[in-house]
Amino acid sequence: MSTTSELLMQLQGLDYQLGELERSKEYLPDMIENLEGEIKAAKNVLDETQDQLEATRLEHKRLELRVKDKTSELERLKSQMMQVKTNKEYDAISREIDHARNEINSAEEEILQAMETIDTLTNEVETKKKELDEITQTNTDQLNTIENEMNSVGDKIKIKQGERENVLVRLDKPLVSVYERVRRGKGAGAVVAVKNRACSGCFKNLPPQLVQEIRRGERVITCDSCGRILIWDSDNSDE
Ligand SMILES: [Zn+2]
């Protein structure tokens, strides 16, 4: 491989690496957002379950007070019953007593349901807490790694740009212009090796004389068909 070919391949490699680094500056913030979003979502689920538990506990207390009130009312009605003088009075108080007993019964049923719900929700809160802890730990580790990566991307880009400058100064300016022009048109594969006597970018066959010229590396030769810069790469090229 001639020096020019080597330099062109180095330049292309550096441009590829720089492209990857630039891209990582775009996708790393998205990854951070996703990881933080997962932690937030798990926390929301826990908060909601805790709110439900708290609401059920309040409802449980309210029902217990209701049973207490209705029980005193029942006691009061029972003592009134001792002093009734007419059948009409007796019937009226009986109805009130029945009503109070029904209310106590239904409140007690609701208390049992509330207690079951409290048990279920207490277990659920424990599970959700564990899930939040796990996701927080896993994602925080990943976030730290990504943040370190983000911080070093700028440095890595500077280093690669420095290396690129070193390669550029060793290449002829017109060649660099050709390279830049082809790269803008073709993207990453601006410099390609001759393979099986053809351009390995577009696979067009090359005349033997041209292949020899490329092999000698005396001047820059671009593919007639696709415009890519053709080089001789002893690892990949053959005649
Ligand atoms: Zn070509």
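**Exercise 1.** State into which domains the chain is divided, and how far apart their centres lie.

*Solution.* The chain is divided into domain 1 (26–163) and domain 2 (173–231), with bounds that come from an automatic or database domain assignment. Taken over C-alpha atoms, the centres of domain 1 and domain 2 are separated by 69 Å. The model is a predicted one, in which local features need pLDDT of at least 70 and side-chain atom pairs count only at pLDDT 80 or more, while totals for chains, interfaces and linings use all residues. Residues are numbered from 1 along each chain as its sequence is written.

**Exercise 2.** Determine how the axes of helices α1 and α2 are oriented to each other.

*Solution.* Begin with the axes of α1 (residues 3–82) and α2 (residues 87–168), which come within 5 Å and cross at roughly 165°; helices are DSSP runs of H or I with at least four residues, strands are runs of E with at least two, and both are numbered from the N terminus. Next, since angles over 145 degrees count as roughly antiparallel, α1 and α2 are therefore roughly antiparallel to each other. By class, the contact of α1 with α2 has 38 nonpolar, 15 polar and 23 charged residues, where Asp, Glu, Lys and Arg count as charged.

**Exercise 3.** Give the strand order of the open sheet and identify its edge strands.

*Solution.* The open sheet has four strands in the order β2-β1-β4-β3, with mixed pairing, and two strands pair if DSSP finds at least two bridges between them. The edge strands are β2 (198–199) and β3 (221–222), each of which pairs on one side only. Finally, β3 is joined by two bridges to β4 (residues 229–231), and these strands run antiparallel, with I221 opposite L230 in β4.

Note on methods:
Axes fitted to C-alpha atoms, helices over the stretch in contact; angles between N-to-C directions. Parallel < 35°, antiparallel > 145°, perpendicular 65-115°, else oblique.
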